[in-house]
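I opened this model today to look up a few things about its strands and one of its pockets. My notes are below.

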Amino acid sequence: MSKLVVALLDGTLVDPGQPLIHADDFGVLRGDGIFETTLVVDGYARDLTEHLARLEVSATMLDLAVPGAADWHRGIDTVLANWTGGRDMVLRLVATRGRENAGQPTCFAIGGPVNPQIYADRSIGVRVLTLPRGFAGAAAATMPWLLAGAKTLSYAINMAAGRYAHAHDADDVIFVGSDGLVLEGPTATVVIARGHTLITPPTDGILAGVTVRRLYRDAAIQGWLTETAPLKPTDLHEADGLWLVSGVRLLAPVVSIDGVPRSIGQATEELAGILAIPQGLAQKD
């Protein structure tokens, strides 16, 4: 594994082996903070403007004052300039509420290696379980204190769902709301193909996916139709293609649902190719 690269937002490079978070930081004590993650390829951070915009949305939802994009770019540029781990890198942007009574957030950028499992998920696919989320997306959207659409540091439930999947002969999870509608994965957005149309659930009560927006935009250039519409678990089984889409994994085809095998989907190679094109370079043949 390559060494981590850590930088503060003033551009200072930090030794990743030295302490950075204080013991009384609310990010540690309460998971009170936000983050963004994206893939860097050959020094290019994918969809960085969009990820910084979503970071600001999450900050607003948490009533958390964070530095502006220019400050984040200083830290990001330092990470990119000091990365020596190969073509691919995972870039994480982190902001906690900081120390009690400090009045300012703790912010930093991290560059690290891509987990090799990510590449397997893209090529081989993932086996998923459908698990109840405990609330309906539409209901959660009316209760902002649940922070259902914010990308917070409070990922214990998401990680527990992943461990549950691994303990039950699966790789990942798709959450289903109490109203029976599909929501999202613990770290990904759900997308299906119905013919030549891509469909993803509404963002009520779930995180708005940056990578899905890119996929929709560039797939439309290539002639795909795109929709946002409610989905039921039966729609997942009946779909011509089913994928988990996220900023680092990009496009992972689902190859079984609750132990029932399904096709990897004929469109997987095409859509993966569309997502692999650098931003702004997709062109219609």
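These entries cover a sheet, a well-covered strand and a pocket, all in a predicted model.

**Entry 1: the open sheet.** I traced the strand order first. I read β2-β1-β6-β5-β3-β4, an open sheet of six strands with antiparallel pairing. The edges are β2 (13–14) and β4 (44–45); each has a single partner strand, so one side of each lacks a neighbour in the sheet. I then checked the β4 edge. β3 (residues 33–41) pairs with β4 over two bridges, in the antiparallel sense. There V41 stands opposite Y44 of β4.

**Entry 2: helices on that sheet.** I looked up what packs there. Helix α2 (residues 48–61) touches β3, β4 and β5 (88–96), and its direction makes about 175° with that of β3. Helix α3 (residues 69–82) also packs on the sheet, touching β1 (5–8), β2, β3, β5 and β6 (106–112). The direction of α3 makes about 150° with that of β5.

**Entry 3: strand β13.** Is β13 (residues 250–257) mostly covered or open? I found it mostly covered, with seven of its eight residues buried. I listed its pairings next.
- β7 (residues 126–132) runs parallel to β13 over three bridges, and R127 partners S256.
- β12 (residues 241–246) is antiparallel to β13 over four bridges, with V245 bridged to L251.
- β14 (residues 260–261) is antiparallel to β13 over two bridges, and S256 partners P261.

I also checked the turns. Three residues separate β12 and β13 in their hairpin. Two separate β13 and β14, where D258 takes a positive phi near 50°.

**Entry 4: the second largest pocket.** I noted about 300 Å³ of space. Its lining includes L8, H22, R99 and C107. By class, I logged seven nonpolar, three polar and two charged residues.

Terms used
Residues are numbered from 1 along each chain as its sequence is written. This is a predicted model: local features need pLDDT of at least 70, side-chain atom pairs count only at pLDDT 80 or more; totals for chains, interfaces and linings use all residues. Side-chain values use heavy atoms; hydrogens and water are left out. On a 1 Å grid over the protein atoms alone, a cavity is a set of points where a 1.4 Å probe fits but cannot get out, and a pocket is an open set with protein on both sides within 12 Å along at least five of seven lines; lining residues have an atom within 4 Å of a point. Grid points are joined across faces, edges and corners, and a volume is the space filled by probe spheres set on the points. Ala, Val, Leu, Ile, Met, Phe, Trp, Tyr, Cys and Pro count as nonpolar, Asp, Glu, Lys and Arg as charged, and the others, Gly among them, as polar. Two strands pair if DSSP finds at least two bridges between them. Contact means heavy atoms within 4.5 Å. Axes are lines fitted to C-alpha atoms, for helices over the stretch in contact, and angles run from 0 to 180 degrees between N-to-C directions. Buried means under 20% relative accessible area, exposed over 50%, partly exposed in between (1.4 Å probe, protein chains only).
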